[in-house]
Structure formats: structure tokens, C-alpha cells
Amino acid sequence: MSGYFILVILLTIWSRVNYNRNLPAVATGYPEPGAVRGESGEKMSFDDVIPAGALRRDEHGYFVFALEKKESALGDYFVVSRVSVEPMATDEDYAAVIGIPEDMPVVEKADDIQAGMRVRPPGE
């Protein structure tokens, strides 16, 4: 019996170590204060600035993909969530937006990402 329990413990440890390894990695970052060049060409300061490539638009309006942390018995994981935002200003490099929760990192490039997908941030 003790050999069986040791095997179960080793498999549980191995599962936790490899739990997120096969998930797609995504580049993320938090909105930061910064400047965005407005329509007049003048730089304006905003509290929440993200890379322009993170801002997306569909038939429901503007949004970003952000990561929501979830917990399970095998460890923490991240799920992509669609977060509606209001763009205040955009230029070729950056977008100033309103509506991103402080605790949710934004997916910087979202080519093959969909809401509801499990992913891992770089370094995890």
C-alpha cells in the first residue's frame, strides 16, 4: 500500500509542475500612465495606456483581451476574458482606454487568442 501512495504523490507533484506547460504563452502587460498623440498631433497624458495592438474592435464595440486568474487543485491558471473598454485616444503605437480592471494584465498581441481560452503568461 505504501508504494501506491508514493506513486500517487509523485504523480500529483508531476501534474502540478507540468499543469500549464502545454498551454499557449501570451505576452501581457498592465496599463500604465503615459502619453498618446491625439488627432491634433499633440501629446496628451492618460492614466491607462496600452499598446495599440492590444485594442480590438468587433460588432459589440472596443475591447481588450485580459487574463483572469483562476485556482484549481492542480494550481493556478489564467483564462482569457473579453473586457469592453472605451478608447480615449489612439495613435500608431499606443491607445488610452477606460475600463480595464487593475488586477487584470492585458494581452498585448492577440492573433490566435479567444475569450475563454486557458493560457500562460511568459515566464510561467
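**Figure 1. The side chain of Ser81 makes a polar contact with the side chain of Glu68, at 2.9 Å.** A polar contact is a pair of N or O atoms within 3.5 Å; within protein, one must be able to donate a hydrogen and the other to accept it, and residues adjacent in sequence count only if both atoms are side-chain atoms. This is a predicted model, in which local features need pLDDT of at least 70, side-chain atom pairs count only at pLDDT 80 or more, and totals for chains, interfaces and linings use all residues. Residues are numbered from 1 along each chain as its sequence is written, and side-chain values use heavy atoms, with hydrogens and water left out. Ser81 belongs to strand 6; helices (H or I, at least four residues) and strands (E, at least two) are DSSP runs, numbered from the N terminus. Ser81 counts as buried because its relative accessibility is 13%. Buried means under 20% relative accessible area, exposed means over 50%, and partly exposed lies in between (1.4 Å probe, protein chains only). Beyond four places in sequence, Ser81 is in contact (heavy atoms within 4.5 Å) with Val64, Phe65, Ala66, Glu68 and Met104.

Figure 2. Strand 5 (residues 61–72) runs antiparallel to strand 4 (residues 56–58), and 3 bridges join the two. Two strands pair if DSSP finds at least two bridges between them. The hairpin from strand 4 to strand 5 passes through 2 residues. Arg56 has Phe63 of strand 5 as its bridge partner. Strand 6 (residues 75–84) is also antiparallel to strand 5, with 10 bridges between them. Here Leu67 stands opposite Val80 of strand 6.

**Figure 3. An open sheet contains 4 strands in the order 2-3-8-7, with antiparallel pairing.** Strand 2 (32–37) and strand 7 (86–90) are at the edges; each has a single partner strand, so one side of each has no neighbour in the sheet. From one strand to the next, the twist averages 60 degrees; axes are lines fitted to C-alpha atoms, for helices over the stretch in contact, and angles run from 0 to 180 degrees between N-to-C directions. Strand 3 (residues 43–51) and strand 8 (residues 94–98) run antiparallel and are joined by 3 bridges. Ile50 faces Ala95 of strand 8.

**Figure 4. Val97 sits in strand 8.** A relative accessibility of 5% is why Val97 counts as buried. Val97 and Phe46 are 51 residues apart in sequence, and their C-alpha atoms are 8.3 Å apart in space. Apart from neighbours within four places in sequence, the residues in contact with Val97 are Asp48, Ile50, Leu55, Val85, Glu86, Pro87 and Met88.

**Figure 5. Asp91 is found in the loop between strand 7 and strand 8.** Asp91 is buried and has no salt bridge, a salt bridge being a side-chain nitrogen of Lys or Arg within 4 Å of a carboxyl oxygen of Asp or Glu. The nearest side chain of opposite charge is that of Arg37, 5.3 Å away. Lys and Arg count as positive and Asp and Glu as negative, while His and the chain ends are not counted. A polar atom of the Asp91 side chain lies 3.0 Å from the backbone nitrogen of Arg37. The backbone nitrogen of Asp93 is 2.8 Å from a polar atom of the Asp91 side chain. Not counting residues up to four places away in sequence, Asp91 touches Val36, Arg37 and Ala52.
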